[in-house]
Amino acid sequence: MRAPAEGTLRRIATFVATFGIGVATYIAIADSGGGAPVCLAGGGGCETVANSSYSHLLGINVALFGIAGYVLLLVTALLRGDGARMAGFAISLTGFGFSVYLTYLELFVIDAICQWCVASAVLMAVLFGLNAVRMIVYVGRTT
Amino acid sequence: MSGKKAREERREQRLQNETQADSQERRQRLIRVGSAVAFLAIAAVAVLIVVSQNQSGGGDTNLEDTSAVNRELAGIPQSEMTLGDPKAKVTLFEYGDLQCPVCKTFAEEVLPDVIDSKVRSGEAKLEFRNYTIINEESVPAGAAAIAAGKQGRGWDFVELFYRNQGEEASGYVTDEFLTGIAKSAGVKDIAKWNKDRKSQPVLNEVSKTTTEAPELGFNGTPSFAVSGPGVTGVHPLGSSGSAAELEEAIEEAG
């Protein structure tokens, strides 16, 4: 099977990362000032997750780490070359790994699901897939 | 002439092969670097997980019914120890002791109905007042609830405390237990909460409401009182009461 053109991978990654910035920014804003994101399907899942002590890392809202990650992934999607390919792969792998851990916490520790966090985890998984293909197929090649 | 051309072709072929080999080698090298980068990324995730686990201190893992409490209180405004619309004309007061098992039963079986029918609709607001009668450990527990109320999480704290209550006066109300409740209740600034719960004004508030409860004729927990346009001052309702009785008292006071 032929791998998609690098330009296509970068365009999709740009779109997904931009979307991710939106989702993470919503979670961060909703969670600031004692609030919580509103679960579209109802239930208190988003509030439970936002209230959990796991929602902050070293006193910083986890969503802010998400925003930083998506911004960096957006930059790597916009740039050409091996540096961007490597950085995109590394950042998306870190983001994806941490998302898997956060989803595990939601399912088995906090016992509540926040749709916004799941949406972010899915976007991060897609970005990891795109960046992994970009790195494996195109690293060391000129475009 | 043809010999020269053949030599040139061979030279070109050789150069092309060398370039291809260089490119292949460079790609191999970069993939090795990529593997190292992947390893570092996985290490970074491991560090994040360890930090996350250490800071949470397992606070959430041992607590019961966090989701149930969140569902019960979701979307209802809170201010200090009051749950519900601040403009509601009727106020239902609960004089409770967080260590009291009967209060726990009320919190689980009676108050959810009242909250659903009267508080959520904005008809009445519900105020928790400490009436510390079990033993001296009820005082730091009540103060911790008031401190959580200063961050808009007073009722989350009270409800979670009741649902995770230990055996009466068994010494379970430790700093660790209270911190676990506060974190799960959604208290964001734990340092401020720690400072507030030990402050004199907060401790005074606990003793003030404990002193006023017997003045209303109460001698056990939970006791309820109601205020509103239909009654004079704070009207005591006594210790017993089903959800229907409390709802009727709210309607009469409205």
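## The nonpolar cores

The largest nonpolar core holds 53 residues, and A145(B) and F157(B) have the most contacts inside it. Helix α5 of chain B (residues 138-149) gives the most to this core, with seven residues. Here a nonpolar core is a set of buried Ala, Val, Leu, Ile, Met, Phe, Trp, Tyr and Cys residues joined through C-beta atoms within 7 Å. Buried residues have 20 or more other C-beta atoms within 10 Å of their own, exposed ones have 12 or fewer, and partly exposed ones lie in between, with C-beta atoms placed from the backbone.

Leaving out residues up to four places away in sequence, A145(B) touches M81(B), L98(B), F128(B), G154(B), F157(B), V158(B) and F161(B). Contact means that the C-beta atoms of two residues, placed from the backbone, lie within 7 Å. A second, separate core has 39 residues, including A13(A), Y70(A), A77(A) and L102(A).

## About the model

This is a predicted model, in which local features need pLDDT of at least 70 and side-chain atom pairs count only at pLDDT 80 or more, while totals for chains, interfaces and linings use all residues. Residues are numbered from 1 along each chain as its sequence is written, and chains are lettered from A in the order in which they are written.

## Chain B as a whole

Chain B has ten helices and six strands. These are DSSP runs numbered from the N terminus: helices are H or I with at least four residues, strands E with at least two. Of the 254 residues in chain B, 39% are buried. Among contacts in chain B with a separation of 6 or more, 77% join residues 24 or more positions apart.

## Two helices side by side

In chain B, the axes of helix α4 (residues 111-119) and helix α10 (residues 243-253) come within 9 Å and cross at roughly 30°. That makes α4(B) roughly parallel to α10(B), a label for angles under 35 degrees.

Where do the two helices meet? D113(B), V114(B), S117(B) and K118(B) of α4(B) contact A243(B), L246(B), E247(B) and I250(B) of α10(B). By class, this contact has four nonpolar, one polar and three charged residues. Ala, Val, Leu, Ile, Met, Phe, Trp, Tyr, Cys and Pro count as nonpolar, Asp, Glu, Lys and Arg as charged, and the others, Gly among them, as polar.

## Where the chains touch

The contact between the chains takes 28 residues from chain A and 34 from chain B. On the chain A side, α4(A) gives the largest share, eleven residues. The residues on that side divide into 14 nonpolar, ten polar and four charged.

Terms used. Axes fitted to C-alpha atoms, helices over the stretch in contact; angles between N-to-C directions. Parallel < 35°, antiparallel > 145°, perpendicular 65-115°, else oblique.
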